[in-house]
Amino acid sequence: MKLFLLALVFLFMGVISNVTALRSRTKRELAPGLHLLGMRDAGGSYCKQRNSCCPGRDDACTVPYLDTICYCDLFCNRTVSDCCPDFWGYCLGISPPVNIQKVCVKNDKHYPNGATYQDNCNRCTCTTDGNWHCEQNPCLISPRIIDAVNRGSYGWNAGNYSQFWGMTLDEGIQYRLGTIKPPSSVMNMNELHMNMKNDILPAYFNAADKWPGMIHQPLDQGNCAGSWAFSTAAVASDRLSIQSMGHMTPALSPQNLLSCDTKNQHGCRGGRVDGAWWYLRRRGIVTEDCYPFVGLNGNGSPGACMMHSRSMGRGKRQATNSCPNPYASSNEIYQSTPAYRLASTEKEIMKEIFDNGPVQAIMEVHEDFFMYQSGIYRHTPVMAGESELYRRHGTHSVRVIGWGEEMTPNGHVQKYWLAANSWGKDWGENGYFRIARGENECEIESFVVGVWGRVSMEDVSHKK
Ligand SMILES: *[C@@H]1O[C@H](CO)[C@@H](O)[C@H](O)[C@H]1NC(C)=O
């Protein structure tokens, strides 16, 4: 809820016009004093500019004041106090009542004490001394980082994203990632070593070229910290499509994992990929069409599980209820074989992608990554001199679909991974990003997972 404070910007725009509506020259007696309306001294001279103070009551004795008028007749100081701010000093030669306070100015407009506006992720409030006081949170979109990255030669470009604008950096880390680092017991387990002899891998590879129509589009997790479910569903979707040789190309449902894989998992507040793969193997999940992503409901939870399955023997399972989406065509449950962890070496990861398809990788996301727009990402030191508040990171998981290399202007070869994020297709390079390869950038080579879909001959011959 705090995320959508942007709306507050518009809140105070109505304040001034309400004041105007309350004031009326014909019903002057009934109008409350300017100070009671919260109207404050804009710091100018009014009666002084008018050059005269009228004795007694003179309803014509006015000057424009902010969006309304104020008075310079002696009547203004009696029943109602709608005097101009300089009335006391100029007309009476005394200091004004204490409750006449300074207003704040923004874009040539005046705002009363207590008015607020939103500046990116920070709320600014007009204080009694006539100054705006702004919160000082580091924001997820930082114009300073964008400028520094684009002026430096880091090999990538940074930019603004409307979906991140207005969020704090902490909120980005909290709501846009969502993978819990596997404990070292899992990290050290099941490493699969391949025989790399005689393997010549191309300089450029994109799984979508080798398996056309079987590599799925980047997903959008919104403000659901569920990358554990999104990256798992995405890799499983590609692998099932590849292993069935395109006879089935299900886009599997992250929501099914978020809502139903709840054992030691935390839905949109984070989860573990090893748990997600366990669920895919033992329980299985349906397609996105059957169980669409609903994001967060009002209380921030992903909602109760709406898809249940039962065993059909030999580990295979079948849905016991129809799809949450009543228009879905099939409630078929898809399962995988056990996931395996690859060795943390560039060549083995490449070979796995080349032979079997996209892999899942865990990575650390740093403050500058949110603003990535294009190029080969590397975490930059542009915030190195700043306090810890500005240098935050969190664990994320993504789908790596290929690699390549590029020559820099000064003739260096830059190797990269090609990966799909889950921040929508308008983030990065159409939802994808490239990141330095072979140097464990952001730990992206440290925990990489592959999997086999559970595909029977029947699937291959009868589906589609
Ligand atoms: C970033 O985008 C938002 C939303 O589109 C916009 O309001 C804001 O002014 C932009 N900020 C910068 C620094 O360009």
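1. Tyrosine 65 is buried, since its relative accessible area is 1%, where buried means under 20% relative accessible area with a 1.4 Å probe and protein chains only. Tyrosine 46 also counts as buried, at 11% relative accessibility. This is a predicted model, in which local features need pLDDT of at least 70 and side-chain atom pairs count only at pLDDT 80 or more, while totals for chains, interfaces and linings use all residues. Residues are numbered from 1 along each chain as its sequence is written, and side-chain values use heavy atoms, with hydrogens and water left out.

2. A search of the whole structure gives 25 aromatic pairs, a pair being rings of Phe, Tyr and Trp (its six-membered ring) with centres within 6.5 Å, called stacked if the planes are under 30 degrees apart, edge-to-face if over 60 and tilted otherwise. The rings of tyrosine 46 and tyrosine 65 are edge-to-face, because their planes stand at 70° with the centres 5.2 Å apart. This pair links distant parts of the chain, 19 residues apart, with tyrosine 46 in the loop between α2 (13-22) and α3 (47-50) and tyrosine 65 in strand β1 (residues 62-65); helices (H or I, at least four residues) and strands (E, at least two) are DSSP runs, numbered from the N terminus.

3. One aromatic cluster includes Trp156, Tyr161, Phe369, Trp423 and Phe433.

4. Strand β16 (393-407) is mostly covered, as 11 of its 15 residues are buried. Strand β14 (residues 359-366) pairs with β16 in the antiparallel sense over 8 bridges, where pairing requires that DSSP finds at least two bridges between the strands, and isoleucine 362 stands opposite serine 397 of β16. Strand β17 (residues 413-420) is likewise joined to β16 by 8 bridges and runs antiparallel to it, with valine 400 opposite alanine 419 in β17. In the hairpin of β16 and β17, which has 5 residues between the strands, glycine 411 takes a positive phi near 85°.

5. The search for cavities finds 5 of 30 Å³ or more, a cavity being a set of points on a 1 Å grid over the protein atoms alone where a 1.4 Å probe fits but cannot get out. The largest cavity has a volume of about 60 Å³, volume being the space filled by probe spheres set on the grid points, which are joined across faces, edges and corners. Among the residues lining this largest cavity are Leu219, Phe230, Ser397 and Arg399, lining residues having an atom within 4 Å of a point. Both α9 (227-243) and β16 supply at least two residues of that lining.

Note on methods:
1 Å grid on protein atoms, 1.4 Å probe; cavity = no way out; pocket = protein on both sides within 12 Å on 5 of 7 lines; lining within 4 Å. Buried < 20%, exposed > 50% of the residue type's maximum accessible area, 1.4 Å probe, protein only.
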